Amino acid sequence: MKLLLTARPFDEWPDLARFAQIGSTEGWLQLELLGPLDLEGVRALSSELLGPANALLSAQALLSLTAGNPFYLGTVLRE
């Protein structure tokens with residue numbers, strides 16, 4: 001099983017941290033920590049849906065709106 005996490009440090013979610021530690025130690029969980037995207041990351045992801053020219057103009061606004069959260073950015077771009 002792969003667990004993707006973003007934007008929240010484990011110390012704010014002790015039960016999740018404990019679950020992840022047990023799963024990683026026992027080998028049945030692969031943990032991937034995803035941090036917020038920077039401006040270039042937002043531009044790259046949004047250019048796939050908006051086209052390169054529109055993505056460059058929109059990247060700063062999208063970064064401000066989503067704080068670089070890749071899951072929220074994907075939701076915003078699909079709407």
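Trainee: Which helix holds both arginine 18 and aspartate 15?

Mentor: The two residues are 3 apart, about one turn of the helix. Helices are DSSP runs of H or I with at least four residues, strands are runs of E with at least two, and both are numbered from the N terminus. The one that holds arginine 18 and aspartate 15 covers residues 14-26 and is helix α1.

Trainee: What pLDDT do local features need in this model?

Mentor: Residues are numbered from 1 along each chain as its sequence is written, and side-chain values use heavy atoms, with hydrogens and water left out. The model is predicted: totals for chains, interfaces and linings use all residues, side-chain atom pairs count only at pLDDT 80 or more, and local features need a pLDDT of at least 70.

Trainee: In what pattern do the helices and strands follow along the sequence?

Mentor: The chain has 4 helices and 2 strands. Read along the sequence, they give the pattern β-α-β-α-α-α.

Trainee: How far apart are the N and O atoms in the salt bridge of arginine 18 and aspartate 15?

Mentor: A salt bridge needs a side-chain nitrogen of Lys or Arg within 4 Å of a carboxyl oxygen of Asp or Glu. The side chains of arginine 18 and aspartate 15 meet in one, with an N to O distance of 2.5 Å.

Trainee: Is aspartate 15 buried or exposed?

Mentor: Buried means under 20% relative accessible area, exposed over 50%, and partly exposed in between, with a 1.4 Å probe and protein chains only. Arginine 18, at 47%, is partly exposed. Aspartate 15 has a relative accessible area of 57%, so it counts as exposed.

Trainee: Which residue forms a salt bridge with arginine 43?

Mentor: The whole structure has 2 salt bridges. In the one made by arginine 43, the closest N and O atoms are 2.6 Å apart. Arginine 43 is partly exposed at 23%, and the partner, partly exposed at 45%, is glutamate 40.

Trainee: How much accessible area do Met1, Phe19, Ile22 and Trp28 have together?

Mentor: Patches take residues with over 30% relative accessible area and no salt bridge, joining like charges within 9 Å and nonpolar side chains (Val, Leu, Ile, Met, Phe, Trp, Tyr) within 5 Å. Isoleucine 22 lies in helix α1 and is partly exposed at 41%. Areas come from the Shrake-Rupley method with a 1.4 Å probe, and for residues only the protein chains shown count as cover. The four residues form a nonpolar surface patch with about 400 Å².

Trainee: What is the geometry of the phenylalanine 19 and tryptophan 28 pair?

Mentor: The structure holds 1 aromatic pair. Its ring centres are 5.4 Å apart and its planes stand at 65°. Rings of Phe, Tyr and Trp (its six-membered ring) pair if their centres lie within 6.5 Å; planes under 30 degrees apart are stacked, those over 60 edge-to-face, and the rest tilted. Phenylalanine 19 is partly exposed at 35% and tryptophan 28 at 34%, and their pair is edge-to-face.

Trainee: How far apart in space are arginine 78 and serine 46?

Mentor: Arginine 78 lies in helix α4 (residues 70-78) and is exposed at 64%. Serine 46 is 32 residues away from arginine 78 in sequence, while their C-alpha to C-alpha distance is 10.0 Å.

Trainee: What percentage of the residues in the chain is buried?

Mentor: The chain exposes about 5,500 Å², and carbon and sulfur atoms supply 59% of that area. Of the 79 residues, the buried part is 27%.
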